[in-house]
Amino acid sequence: MDETKNGMDSFDQVDVLTEKSSIDVDNSVQEDNHSSLHNMDDEERKERYKNLLTLLENSTKLSNAFETRLKKCKLKIVEAKLEKTNKIDENVPKAVENDSIKDSNNQSTEENEVNENYYLKLFQQPKLFKGTLKDYQKEGLLWIRTLFENGLNGILADDMGLGKTIQAIAFYCFLLEMGIKGPFLVIAPLSTIPNWLSEFSKFSPQWNQLNTLLYHGTDNERCKIRSQINVKHKVDKLDYFSIVITTFEILRMDTKVLKGYDWKYITIDEGHKMKNPLTLTSRCLREFACTNKLILTGTPIQNNMDELWTLLNLLMPKLFNDIKDFSSWFAIDDFHGTNDQIVDLATKDEILNIIVKILKPFILRRQKAETNLNLPPKKEIVIYAPVTEQQHKLYMATLSREMNILLNKKPEIDIESDVRAKRKCVESIERYTENRVIRKTEPEHKAESKDKIVSLVLLNPFMQLKKISNHPYLVHMPLSPGRSSILVDENIVKASGKFLILDAMLSKLKLLGHKVLLFSTMIQLLDLIEEFLIFRSYEYARLDGTMNINTRVDEINTFTNDPNCFVMLISTRAGGLGLNLTAADTVIIFDSDWNPQCDLQAQDRCHRIGQVKPVVVYRLCTKSTVDEKILANAAAKRKLEKIVIGNGTFNRTTKVNLSNIKELMNLLESSDYDKQIQSNGFILSDEELDSLLDRSDMIKSSPKTNATQSAKHFEVLT
C-alpha cells in the first residue's frame, strides 16, 4: 500500500513539474548576461548552488517516475512472453524469474546488461513499421514511448549516423497503433527533407504507407496544402491524419496558421537550430500549444551550456526555468585552460556529477563506439598548408592596413627625385589668372580595363584574414583580358597553399578510385573550387543553401549513382545535416567552422550506417594564420562537450563516475585527430603524399570500441 501511495505521489509531482509554464525566457537570458563563476561573489555562488540542488531534486522525482514506468513496461514484455510459452524460458535471466526486476541501482553492470539484452529480444516493434530495428534503436523507441506515457519530453541525442530518423518514424507507427490519430508535425532543415520523405516511404511500403504531407512551396501552394492537413487517411483499418513535414523557414513564415492546429506530437530534427532562445524560430515554436515534443540532434552542446539549457527549456519550461542556475558553472573560456584546471572546476562540489544527474532523464545518447554496428574505421588527419607569397603579402597588408596594397594601387613616385608626384588636379593647371585657373586640354583616354576585382572586408578584418588564408583570389580576383569573368589558369593553384595541397591530393585520390566530399563554410570559396575542378576536368556535384529541394535531390542522386562523379562540393552549414552520402569514403574539410560540431556532422555524412569502406577525413589548415586560432577555439568547445555528454553517461547501461579524476583526464586528453602533417613551407613529396593517402592500416583494423581512449599521434612529416 505504501509503495502504491508513494508511486501516486511521485506521478502527481510529475504533473506539477511538467505543466505548461509562461516563463519569460527573454528576461532569464538577458539577466544571465553570460555570468560565470569568475564574477560571482560567495553569497551568489551559494544561492545558485542551492538552486542547482533544488533542480536536481525535481529532476530526480521525474527520473524516478520515468524509471518506474520503464521497469513496468519491461516486465509486461517479459511476462507476456512467459504467459505465451506457459513455462519459464531457459534463456530467461534469473533476475527476470523473480517477482520483479531489481532496482537497477542494486544490480551489477553484468546483470543489467543481461536483462537489457533479454527484453530487447522480446520487444515487438510496431506492426506498421516495415523494417528491422537494431537493439539500440528498439531501446530508443522504448525510451521515447516511456517519456510520452509519463508526459515528459526529451532529446534523442544519438551520435550522427545512428538512425534517429528511423526511431522517430517507428514511434509515429506506435502512436497510430495506440489509436492516437494526429495530426503530427515534423520540423526539419531543408537539406534533410528529402531524407525524411524517402525514409517514410522506405519503412512504410505502398500497401501500408503512412501518409506524409510536405508543407512547403509558394504562398499559394501552401494555402492549397493546408486544406489537406485535417483530411483523414485509412491505413490498416485505422483512420488518421497526415504526418506533416515542413522546414524551419516555413515555420517562421506560417506560425499564425500552423499553431492553430491541434498537433498531438511535434518532432524537431536537428534541434540544435533552436539553441538561441531569442531567435525568431525559437520564439515561434514556443507559441505552439502542443505539450508533446521530441528533439533530435547529434550535437546537444555545440558552443556553451546556454544552448543546452535553451533546448531543455523548450521541452520542459517549468523545470528548466532559470538559465543562471544551470549554465554559469561552466563557461567556455574556462576550457581554454589546462586540463588540470578544467578537472578542478568540474570536480569542485561535484558540480559535473550534479549537472549530469539533472540531465539524465531527458537525454538519450549512444555513440558509434558503444553500438555493435561494426562500422569501418575512421581517422582524421590535419594537414598544415604553406603560405604562398601572395597570401603573405595580403595577410600582412591587412594586419598593417596598407591600403595601397589592399586596393591594388601603385603609389605614384617621381623616379628621378624619389618624391611623390603631383596630384592630378594640380598637374593639369597651366597658369593662374586673377579670377580663374586655366587648365590644359588633354585628349580623352580610354578607360583602362581592370585586371582584378578587389573585395575587402575591412569592417571585419578577421573574416578577411580567413579569406586570404584560404585563397587570395577571394580578396584579389584576376579577370580574363577584356572580360569580367575570373581568369582560370595554373595560378589558381599556385596562389594558395591549400589549393596546392588539394591539387596533389585529388589527382592521387582519383587514380585510387575514391569519391570525395569537400566541405567549405563559404559559398564564394565553393565557387572558386568549382572553377578549379572544371579547370582540372573533374566531374562533380554541388549542394549549398541556395538550392531548392528538387535540385538537391538531383545532385545527391548524381553523386551517389554516377561512378564518374568524383567530388561533391557541400556548404558546411547547409549540407552537413542529415544527408546520407555513403558513396564517398573521403572527406576534405577545406576550412574549419567556428562550431566544431558542424564539421563533425559533415564527416558523418559518409561515416554512418551503410558505409562499407574505411573513411579518412582530411582537415586543411593554413600554418600560422587565423585557421589555427579557429582550431584552438574548437578544441576548447570539444572539451566541454566531452566531459558533459561525450562520456557514455547518457546511454541506458553505462555508469561513469565523473568524480574520478583519472577518467576526466582521459576524456580531456583524448585527441580529436589521429595524425598531423606539416609542410614546413614545401608541398608534400610523392612519398609523403603516398603515406598520407595510404589506408592499408585501416582495412584489417576493427572499429574503435573505447570512446574515451586517447587517439595516437603519429610522427609529424616534415
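## Helices H7 and H8

H7 and H8 sit oblique to each other, since their axes cross at roughly 55°, and an angle counts as roughly perpendicular only from 65 to 115 degrees. This is a predicted model, so keep that in mind for everything below. The two helices cover residues 164-177 (H7) and 193-203 (H8), and their axes come within 10 Å. As for handedness, H7 passes H8 in a right-handed crossing.

Which residues of H7 meet H8? On the H7 side they are Thr 165, Ile 166, Ala 168, Ile 169 and Tyr 172. Facing them from H8 are Asn 195, Trp 196, Glu 199, Phe 200 and Phe 203. Sorted by class, that contact has 7 nonpolar, 2 polar and 1 charged residues.

The peptide bond from Gly 182 to Pro 183 is cis, with omega near 5°.

## The parallel sheet

E2 is also part of an open sheet of 7 strands. Reading across, the order is E3-E6-E2-E7-E8-E1-E9, and the pairing is parallel. Which strands are at the edges? Those are E3 (212-214) and E9 (363-364), each of which pairs on one side only.

At the E9 end, the neighbour is E1 (residues 154-156), and 2 bridges join this strand to E9, with the two running parallel. Leu 156 has Leu 364 in E9 as its bridge partner.

## What H27 packs against

Two helix pairs here share H27. Take H26 to begin with: H26 (residues 596-603) and H27 (residues 626-644) pack at an angle of about 80°, and their axes are 9 Å apart. That makes H26 and H27 roughly perpendicular to each other. From H26, the contact uses Pro 596, Gln 597 and Leu 600, while H27 brings Ala 634, Lys 637, Arg 638 and Glu 641. The residues of this contact divide into 3 nonpolar, 1 polar and 3 charged.

Now for H20 (residues 461-470), which packs against H27 at an angle of about 110°, with the axes 9 Å apart. H20 is therefore roughly perpendicular to H27. Here Phe 462, Leu 465, Lys 466 and Ser 469 of H20 meet Val 626, Asp 627, Lys 629 and Ile 630 of H27. By class, the H20 contact with H27 divides into 4 nonpolar, 1 polar and 3 charged residues.

Ser 624 is in the loop between strand E21 (615-622) and H27.

Arg 401 is another residue to check: its phi is positive, about 55°, and it is not a glycine either. You'll find Arg 401 in the loop between helix H17 (389-400) and helix H18 (403-406).

## Salt bridges

How many salt bridges does the structure hold? The count is 21. One of the pairs is Arg 222 with Asp 219, where the closest N and O atoms are 2.7 Å apart. That is within the 4 Å cut-off for a salt bridge.

Where do these partners sit along the chain? Both are in helix H9 (residues 219-226), and because they are 3 residues apart, Arg 222 and Asp 219 are separated by about one helical turn.

Definitions and conventions
Residues numbered from 1 in each chain as written. Predicted model: local features only at pLDDT ≥ 70, side-chain atom pairs only at ≥ 80, totals over all residues. Heavy atoms only, no water. Axes fitted to C-alpha atoms, helices over the stretch in contact; angles between N-to-C directions. Helix = DSSP H or I, 4+ residues; strand = E, 2+ residues; numbered from the N terminus. Parallel < 35°, antiparallel > 145°, perpendicular 65-115°, else oblique. Contact = heavy atoms within 4.5 Å. Nonpolar A, V, L, I, M, F, W, Y, C, P; charged D, E, K, R; others polar. Pairing = 2+ DSSP bridges. Left-handed = near helix turned anticlockwise from the far one by under 90°. Salt bridge = Lys/Arg side-chain N within 4 Å of Asp/Glu carboxyl O.
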